Amino acid sequence: MDLIEAIKSRKSIRGYKPDPVSKEVLKEILEVASRAPSGLNTQPWEFTVIAGDVLEKIKRANVEKFNAGEPDNVGWEVEKYKDKCRERQIALAIQLFKLMGIAREEKEKRTDWERRGFRNFDAPAAIIISVDKEHLPRTQFDIGAISQTIALVALKYGLGTCMHDQGVRYPDVLREFAGIPESKQMIICITIGYPDGDFPANKVESEREPIDNITTWCGI
Ligand SMILES: Cc1cc2nc3c(=O)[nH]c(=O)nc-3n(C[C@H](O)[C@H](O)[C@H](O)COP(=O)(O)O)c2cc1C
């Protein structure tokens, strides 16, 4: 697949086929993606790849906490956007709810949709990326670089991904079931699997701001 085509076709996949992704494929993806750049080549990322029974337990525990209204404990403010960022966030939500046939007043369906994120969108596998807490906040940039690289490499194998906060909002669950130590900050969860072409939200076409609105040209 052409590079530009890959970048343009990558999108967040929130509905997956149940087919498992093999350990070999997941390892190859991580090996290629680990060519991503990092500050001073520190490669601060650590991966926890979760599937099978362990993922099921994590999904169940996440949903239990969500249903109980337990506040998340991710380590930073998750959603406090304003102005243009807030407008874009709302535009995405409108598009997703429309695709899923969820009306504004259908609170229970909206909650169901949110719950889906805590179930890792029913993906067969998830990659948690963590860093040493002592290396924050600078290393968050490196995690962004490797996350996008993983998402792009995954396309080569016919796989879809969704980077999402929801998968790490209850870090204690991951510490308990996947053994991630207290010294590590989980930055992002990337769900990964074969996209379900019939799942309505996978048709999302998130918008992008025209470059001229966000770019200052100097000396060119
Ligand atoms: C740091 C980060 C956190 C995200 N968290 C969530 C999330 O919790 N739930 C979700 O459905 N999508 C989440 N996403 C996916 C974004 O909504 C998505 O990338 C954005 O809408 C652009 O759409 P696209 O990925 O389809 O191009 C997250 C993406 C990033 C980069």
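Rings of Phe, Tyr and Trp (its six-membered ring) are taken to pair if their centres lie within 6.5 Å, with planes under 30 degrees apart counted as stacked, over 60 as edge-to-face and the rest as tilted. The structure is a predicted model, in which local features need pLDDT of at least 70 and side-chain atom pairs count only at pLDDT 80 or more, whereas totals for chains, interfaces and linings use all residues. Residues are numbered from 1 along each chain as its sequence is written, and side-chain values use heavy atoms, with hydrogens and water left out.

Under the ring criterion, a search of the whole structure returns three aromatic pairs. In one of them, the rings of F66 and F118 are stacked, because their centres are 4.9 Å apart and their planes stand at 25°. Since F66 belongs to helix α3 and F118 to helix α5 (residues 107-118), this pair ties together parts that are 52 residues apart in sequence; helices (H or I, at least four residues) and strands (E, at least two) are here DSSP runs, numbered from the N terminus. F66 is buried, as is F118, where buried means under 20% relative accessible area, exposed means over 50%, and partly exposed covers the range in between (1.4 Å probe, protein chains only). A stacked aromatic pair is also formed by W113 and F199, at 6.4 Å centre to centre and with 15° between the planes. This pair links distant parts of the chain, with W113 in helix α5 and F199 in the loop between β4 and α8, 86 residues apart, and both W113 and F199 are buried.

Charged side chains were examined next. With a salt bridge defined as a side-chain nitrogen of Lys or Arg within 4 Å of a carboxyl oxygen of Asp or Glu, the count comes to 16 salt bridges. One of these joins the side chains of E56 and K59, with an N to O distance of 3.0 Å; the two residues are three apart in helix α3 (residues 52-67) and are therefore separated by about one helical turn. Within this pair, E56 is partly exposed, at a relative accessible area of 37%, whereas K59 is buried, at 9% relative accessibility.

A further salt bridge connects the side chains of R88 and E209 at 3.3 Å, N to O. Because R88 lies in helix α4 (residues 83-99) and E209 in the loop between β4 (184-193) and α8 (211-214), the pair ties together parts that are 121 residues apart in sequence. R88 is partly exposed, with a relative accessible area of 37%, and E209 is likewise partly exposed, with a value of 21%. R88 and E209 also take part in a network of salt bridges that links them with K84 and E87. The side chains of R175 and E182 meet in a salt bridge of 3.5 Å, N to O, in which R175 is buried, with a relative accessible area of 15%, while E182 is exposed, at 53% relative accessibility.

The ligand is surrounded by 14 residues, of which the closest are R10, S12, R14, M163 and R208; a residue is included here if one of its heavy atoms lies within 4 Å of the ligand. An N or O atom in the side chain of S12 is 2.6 Å from an oxygen atom of the ligand, and a polar side-chain atom of R14 lies 2.8 Å from a ligand oxygen atom. For M163, a backbone N or O atom lies 2.9 Å from a nitrogen atom of the ligand.

With a disulfide taken as a pair of cysteine sulfur atoms within 2.5 Å, the whole structure contains zero disulfides. The sulfur of C162 is 8.6 Å from the closest cysteine sulfur, that of C189, which is too far for a bond. C162 is buried, at 2% relative accessibility, whereas C218 is exposed, with a relative accessible area of 63%.

A cis peptide bond, with omega of about 0°, joins L136 and P137, and P137 is found in the loop between β2 (125-132) and α6 (140-156). L40, although not a glycine, has a positive phi of about 60°; L40 lies in the loop between α2 (23-33) and β1 (46-51) and is exposed, with a relative accessible area of 85%. N41, also not a glycine, has a positive phi of about 55°, lies in the loop between α2 and β1, and is exposed at 53% relative accessibility.

Terms used: A polar contact is a pair of N or O atoms within 3.5 Å; within protein, one must be able to donate a hydrogen and the other to accept it, and residues adjacent in sequence count only if both atoms are side-chain atoms.
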